Amino acid sequence: MTFPDDVAALLARAEAALAGARFNLEGGFADIAQGRAYYAMFHAAGAALLSLDEQPKTHAGTRTRFADLFVRTGRIDRSWLSAYTDLMARRNRADYDGETASEEDVARDIATAAAFVAEIRRILGPIPPRE
């Protein structure tokens, strides 16, 4: 796989996670939908980092490097890091502490994740098509 294909593949995973989030929310599985919304943000952040040849090995590493290379440099507004961090925490509480989220909260999370993915696409610009 070439470099742009790796970035494109991560963005495709982000879009698939969004589709999964919507599907699960419609099916009444809000907690699963929330996790999928988080993964949309995680994969989009990973694509952004990979565009700079960065490949963190952990979720926390992805968040930290995203903050270092995109927020602190002014490439993206700090509010996006807050949204990413907040959803990461809610997903962890749901997965590991059994906390449940309302459908309304998860619908907001999905909308935020979709906007985050769109913002990452805007920042990265056109990704050359696969050949």
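Select E119, which lies in helix α5; helices are DSSP runs of H or I with at least four residues, numbered from the N terminus. Leaving aside neighbours within four places in sequence, E119 is in contact with I76 and W80, where contact means heavy atoms within 4.5 Å. The C-alpha atoms of E119 and W80 are separated by 9.0 Å, although the two are 39 residues apart along the chain. Is E119 buried or exposed? E119 is buried, with a relative accessible area of 17%; buried means under 20%, exposed over 50% and partly exposed in between, for a 1.4 Å probe and protein chains only.

Before the next stop, note that this is a predicted model, in which local features need pLDDT of at least 70, side-chain atom pairs count only at pLDDT 80 or more, and totals for chains, interfaces and linings use all residues. Residues are numbered from 1 along each chain as its sequence is written, and side-chain values use heavy atoms, with hydrogens and water left out.

Two packed helices are described by the angle between their axes and the distance between the axes. Axes are lines fitted to C-alpha atoms, for helices over the stretch in contact, and angles run from 0 to 180 degrees between N-to-C directions. Select α4 (residues 78-97) together with α5 (residues 103-124). These helices pack at an angle of about 135°, with axes 11 Å apart. The pair α4 and α5 is therefore oblique; angles under 35 degrees count as roughly parallel, over 145 as roughly antiparallel, 65 to 115 as roughly perpendicular and the rest as oblique. In α4, W80, A83, L87 and R90 meet D109, T112, A115, F116 and E119 of α5. By class, this contact of α4 with α5 has 5 nonpolar, 1 polar and 3 charged residues. Here Ala, Val, Leu, Ile, Met, Phe, Trp, Tyr, Cys and Pro count as nonpolar, Asp, Glu, Lys and Arg as charged, and the others, Gly among them, as polar.

**Helices α2 and α5**

Residues in the contact include A37, M41 and A44 of α2 and I110, A113 and V117 of α5. By class, the contact of α2 with α5 has 16 nonpolar, 2 polar and 2 charged residues.

**The loop between α2 and α3**

D53 is exposed, with a relative accessible area of 61%. Its phi is near 65°, a positive value in a residue other than glycine. Then select T58, placed in the loop between α2 and α3 (59-71). T58 is partly exposed, at a relative accessible area of 44%. A polar atom of the T58 side chain lies 2.8 Å from the backbone nitrogen of G61.

Finish with T62, found in helix α3. At 4% relative accessibility, T62 counts as buried. Leaving aside neighbours within four places in sequence, the contacts of T62 include F42, L49 and Y84. Now show α3 with α4: they pack at an angle of about 170°, with their axes 10 Å apart. The helices α3 and α4 are therefore roughly antiparallel to each other.

Note on methods. Helix = DSSP H or I, 4+ residues; strand = E, 2+ residues; numbered from the N terminus. Polar contact = N/O pair within 3.5 Å; in protein donor to acceptor, adjacent residues only side chain to side chain.
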